Amino acid sequence: MSALTDDTLPVTPRAMRDEMLMFAAMAVLLGVVPLTGIYPFFVMQALCFALLACAFNLLIGYGGLLSFGHAMFLGTAGYCSAHALKVWGVTPELGIVIGTAGAAALSVVTGFISIRRQGIYFAMITLALSQLLYFIYLQAPFTHGEDGIQGIPQGYLFGIFNLSKPTVLYYVVLAGFLGGFLLIYRTINSPFGEVLKAIRENEPRAISLGYKTDQYKLLAFILSGTIAGFAGSLKVFVAQNASLTDVHWTMSGEIVLMTLVGGLGTVFGPVVGAFVIIAMQQYLAGFGQWVTVIQGVIFVACVLTFRRGIIGEIAHYFRRSL
Amino acid sequence: MQALYAQLLVGLINGSFYALLSLGLAVIFGMLNIINFAHGALYMMGAFCAYFLLNIAGIGYWPALIIAPIAVGIFGMILERTMLQWLAGLDHLYGLLLTFGLALIIQGIFQNYFGSSGLPYAIPSELQGGMNLGFMFLPIYRGWVVVFSLVVCLATWFLIEKTRLGANLRAATENPTLVRAFGINVPRMITLTYGLGVGLAALAGVLSAPINQVRPLMGADLIIVVFAVVVIGGMGSIMGSIITGFALGVIEGLTKYFYPEASNTVVFVLMVLVLLLKPAGLTGRAA
């Protein structure tokens with residue numbers, strides 16, 4: 001059985017420098033978006049999904065764990081934030097904290113259950129757990145079932161930043177994204193991340209070296225779920241609603257697709273993948289259901305011919321780590 | 001009491017579908033090491049195949065029961081030959097991702113042409129009506145589904161566990177290289193196995209067409225429940241899949257009677273409990 005991701009190059013000073021340059025370029029590019037004519041809501045939405053995909057990638061790309069239920073963190077955080085903001089009338093920063101904490105609590109419970117099995121079983125369990133949550137949210141009164149929670153007030157972040165202004169909201173979302181991204185980047189380059197990669201490559205060996213691999217995997221799962229929840233909380237301010245589509249398993253599939261298109265186990269792949277898929281949905285919306293078919297074709301094409309993804313292929317071509 | 005027996009029967013019917021689908025998944029997993037995410041889509045194709053046969057060619061239920069599984073099985077074998085076989089030797093998560101993509105394509109195409117609403121398929125005239133058993137009223141078609149799928153499940157079990165072909169198959173699962181050295185065409189066996197698993201899914205689709213309406217997404221939500229069934233039962237044995245499938249259907253039916261709010265979630269809750277108490281599943285070998 002071959003490893004999920006391409007043999008990643010060792011972290012050398014050059015690799016770090018490449019990644020830092022790439023990060024700076026990304027930050028500048030995203031920073032100037034409001035100055036151009038690009039529709040900011042599209043970019044904000046893409047940023048939320050990019051962070052979500054990065055969180056998912058932390059788990060599969062570095063831990064070898066394919067979670068097919070990551071939408072549950074997006075949806076749970078969304079519902080928690082939306083409910084706190086709309087019904088309790090809390091401030092935006094508290095709304096984000098509540099949503100992220102909700103996703104964190106969920107990831108502790110689901111992680112504890114799902115890491116008991118590996119490989120495809122892990123994927124099926126996460127998928128089943130997210131479907132369980134879907135049915136709970138469908139019936140729970142506070143989610144308003146099919147209608148979702150609509151018309152969420154945006155308010156003033158820290159009492160200063162007016163989130164109902166698109167430009168202000170954009171920079172807040174961007175700051176959230178960059179912060180989450182750096183946290184993930186720091187994690188994968190830490191000793192913890194190295195152990196995670198060792199577990200991905202050969203779990204029995206990691207166990208024989210004395211690592212309690214279950215604890216590492218659980219911690220990675222919680223971290224990933226929490227960051228995914230953070231992305232879900234940010235998305236509430238962008239979309240101003242929380243609905244069942246965010247919890248449905250097709251959303252989990254889209255997160256997998258974004259990461260696969262960009263490149264599993266690459267630092268920047270999920271970001272690129274998220275932008276590609278969100279742009280595709282935006283511009284192909286007129287094709288109706290054919291979008292699903294196109295996504296399916298991309299899935300198949302990626303798995304059969306293009307397993308490294310966009311960034312993975314570029315990095316492989318230049319023999320760099322990105 | 002009437003309602004309880006009715007829910008038990010519904011549970012047994014759902015259990016038949018769970019058993020047929022998880023059995024097919026187990027057979028495919030055994031040979032190809034792939035969790036066939038497209039299983040739900042192929043189940044749906046089976047139902048649509050019966051629908052087309054009736055409405056375009058005028059071919060009724062009984063021939064469809066044979067033609068649809070063969071047709072969809074051949075389609076499955078084409079998929080295996082053109083795509084799935086290239087994943088041999090890779091991490092089996094890629095198989096899951098590829099078949100997920102296939103499921104999206106198949107379901108998307110059907111949704112484009114048939115929307116999301118259901119198409120009716122009449123119960124064949126021989127199986128219409130019902131019987132009064134004294135304690136409950138049994139619609140004949142429903143009784144037929146339970147008995148017929150039980151027979152098919154046991155026949156599949158017999159084929160794999162008790163015949164020479166099945167012995168070769170199990171041997172090829174354990175050690176393909178060695179079995180090849182005995183002059184057995186392993187790639188062809190893999191293709192046929194995939195066809196068999198897919199055929200079982202399509203058969204379940206035909207059986208369900210007169211009960212549930214024929215819809216493009218009929219398999220999409222079902223497959224996730226079947227995954228939970230697989231996690232609960234483990235895929236270690238063929239008989240395990242059959243028993244777990246039927247048992248969970250019945251438990252679901254009982255829940256619908258005693259506490260309907262939980263009927264959608266009971267299988268997942270059971271999955272959580274089993275994972276906490278017995279992580280390898282009820283009949284499964286440790287993964």
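Helices, as the word is used here, are DSSP runs of at least four residues, numbered from the N terminus. The model on display is a predicted one.

**First selection: chain A as a whole**

Display chain A, which holds 13 helices and two strands. Its C-alpha trace spans about 50 × 45 × 40 Å along the principal axes. The radius of gyration of chain A is 19 Å, which agrees with the value near 20 Å that a compact globule of 322 residues would have. Of those 322 residues, 58% count as buried. Among contacts between residues at least 6 apart in sequence, 79% join residues at least 24 apart.

Proceed to the loop between helix H9 (213-239) and helix H10 (249-262) of chain A, where Gln240(A) is found. Gln240(A) has a positive phi of about 60°, although it is not a glycine. Its relative accessibility is 31%; because buried means under 20% and exposed over 50%, Gln240(A) counts as partly exposed.

Turn to chain B and select Asn33(B), in the loop between helix H1 (2-32) and helix H2 (39-55). Here too the residue is not a glycine, and the phi of Asn33(B) is positive, at about 60°. With 40% relative accessibility, Asn33(B) counts as partly exposed.

The crossing of H3(A) with H4(A) is right-handed. From H3(A), the residues in the contact include Met72(A), Phe73(A), Cys80(A) and Trp88(A); from H4(A), they include Pro92(A), Gly95(A), Ile96(A) and Leu106(A). The residues of this contact comprise 12 nonpolar, seven polar and no charged.

Which residues have the most contacts inside the largest nonpolar core? They are Leu66(A) and Phe177(A), in a core of 214 residues. Helix H2 (residues 40-63) of chain A gives the most to this core, with 18 residues.

Select Leu183(A) in helix H6 (residues 166-188) of chain A. Is Leu183(A) buried or partly exposed? At 42% relative accessibility, Leu183(A) counts as partly exposed. The C-alpha atom of Leu183(A) is separated by 9.8 Å from that of Leu223(A), 40 residues apart along the chain.

Methods. Residues numbered from 1 in each chain as written. Chains lettered and ligands numbered in written order. Predicted model: local features only at pLDDT ≥ 70, side-chain atom pairs only at ≥ 80, totals over all residues. Heavy atoms only, no water. Left-handed = near helix turned anticlockwise from the far one by under 90°. Contact = heavy atoms within 4.5 Å. Nonpolar A, V, L, I, M, F, W, Y, C, P; charged D, E, K, R; others polar. Core = buried A, V, L, I, M, F, W, Y, C linked by side-chain atoms within 4.5 Å. Buried < 20%, exposed > 50% of the residue type's maximum accessible area, 1.4 Å probe, protein only. Rg over C-alpha atoms; globule rule 2.2 N^0.38 Å.
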